[in-house]
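Below is a short report on one protein model.

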Amino acid sequence: MITLLTSAWIAYSAACDYEHQTEIMTDRLHTQPKLITLLKWIGEGITAGKIYRGYSQEIEELKAITAARDTYKRRAILATLVFFIVSSVFLGFIYVALSKTVFFLATMLVVSLIALAVGLFAPILMIISYKDIPILGQVVFMFQSKGIVTTIETLWTSGNLLVAIPLFLFSVMIPLFKTIIMGLALLAPVHPIASHSMRLIKHIGKWSMADVFVVALLLTYFTVNRDESTNAEVQIGLYFFLGYVIFSMIV
């Protein structure tokens, strides 16, 4: 369990660092910074790099940012793989060794909660819009990195309450509520609360848009990626959220 928590935290923090480094990199590739870079290149060319080396220094900084970005990306992917591999082995061991369904389901509920937490707060989709411009080269016009919680927050602050509130209910509150109810049913299987809980799960389950939300994100990803000037990249938050959906369905 410590390994699961550690790998989930590393995946989340590395994904956030990757998002931050990508934002820094794209900020340097907007039109105005690219014009400044062009002037630096001209200045360094005039002085033959002996008096002014601003362009070379900027290139070195960009290489360092790119290297750090790639490192964080590999770390996030590796930690995500470790989480799901260890969780599968751990759940399989409990199922075989203990031979008690209640322990197996309780453990799977805990794992699903961890996956849900990362899936809600980690980035799920990163979009970069760019275009090659003569002389300036590749110029970035737009960078966005979205997560479930950040998307809800953006919708709320922009006044789109009719979208923000249902998304918050269906993608955050209902999954949490459903998981808590299943936990109560496991803790007291012979208590009347268990039968009431299961009936309640059947009623609220049809309103849960968790799986629909994951499919919608995938469709958005493939649709956006068809544009040659736009690069859309799925982030680890989507895989953790999808993991929660699968685990909760099994439970």
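This is a predicted model: local features need pLDDT of at least 70, side-chain atom pairs count only at pLDDT 80 or more; totals for chains, interfaces and linings use all residues.

Glutamate 233 has a relative accessible area of 15%, so the residue is buried, under the 20% cut-off. Its side chain meets that of lysine 73 in a salt bridge, with 3.0 Å from N to O. The pair links distant parts of the chain: lysine 73 sits in helix H3, glutamate 233 in strand E3, and 160 residues separate them. Lysine 73 is partly exposed, at 32% relative accessible area.

## The other salt bridges

The count comes to 3 salt bridges. Side chains of opposite charge can pair when their charged atoms come close.

Glutamate 61 pairs with arginine 28, and their closest N and O atoms are 2.9 Å apart. Glutamate 61 belongs to helix H3, while arginine 28 is in the loop between H1 and helix H2 (31–46); the two are 33 residues apart. Both partners are partly exposed: glutamate 61 at 39%, arginine 28 at 25%.

Lysine 40 bridges to glutamate 58, with 3.0 Å between the closest N and O atoms. Lysine 40 lies in helix H2 and glutamate 58 in helix H3, so this pair ties together parts 18 residues apart in sequence. Glutamate 58 counts as buried at 7%.

## Overall fold

The protein has 9 helices and 3 strands. Along the sequence they follow the pattern α-α-α-α-β-β-α-α-α-α-β-α. Of the 251 residues, 39% count as buried. Among contacts with a separation of 6 or more, 70% are between residues 24 or more positions apart.

H3 has 45 residues. From first to last C-alpha it reaches 65 Å, close to the 66 Å expected at 1.5 Å a residue. Just after H3, serine 99 takes a positive phi of about 55°.

H1 (residues 2–27) has 26 residues and should span 38 Å; its end C-alpha atoms are 37 Å apart, which agrees. Its buried residues include Leu4, Ser7, Tyr18, Gln21 and Met25. The buried residues of H1 pack against H3, H4, strand E1 (125–133), strand E2 (137–146), strand E3 (230–234) and helix H9 (236–250).

## Serine 87

Serine 87 is found in helix H3 (residues 54–98). It counts as buried, at 0% relative accessibility. Which residues does serine 87 contact, leaving aside neighbours within four places in sequence? They are Leu4, Val82, Val111 and Phe247.

## Annotated spans and a surface patch

An unreviewed UniProt entry annotates "transmembrane region" at residues 76–97, 103–128, 162–187, 207–224 and 230–250. In the model, residues 76–97 are 100% helix and 0% strand, with end C-alpha atoms 31 Å apart. Residues 230–250 are 71% helix and 24% strand, and their end C-alpha atoms lie 37 Å apart.

A nonpolar patch on the surface is formed by Leu113, Trp156, Leu161, Ile165, Phe168, Leu169, Met173 and Leu176. Together they have about 680 Å² of accessible area. Helix H6 (residues 161–187) gives the largest share, 6 residues. Leucine 113 comes from helix H4 (residues 101–121). Leucine 113 is partly exposed, at 36% relative accessible area.

Note on methods. Residues are numbered from 1 along each chain as its sequence is written. Side-chain values use heavy atoms; hydrogens and water are left out. Helices (H or I, at least four residues) and strands (E, at least two) are DSSP runs, numbered from the N terminus. Buried means under 20% relative accessible area, exposed over 50%, partly exposed in between (1.4 Å probe, protein chains only). Contact means heavy atoms within 4.5 Å. UniProt positions are given in the numbering used here, feature names are shortened, and annotations may be inferred rather than shown by experiment. Patches are made of residues with over 30% relative accessible area and no salt bridge: like charges are joined within 9 Å, nonpolar side chains (Val, Leu, Ile, Met, Phe, Trp, Tyr) within 5 Å. Accessible areas come from the Shrake-Rupley method with a 1.4 Å probe; for residues, only the protein chains shown count as cover. A salt bridge is a side-chain nitrogen of Lys or Arg within 4 Å of a carboxyl oxygen of Asp or Glu. The expected span of a helix is 1.5 Å times one less than its number of residues.
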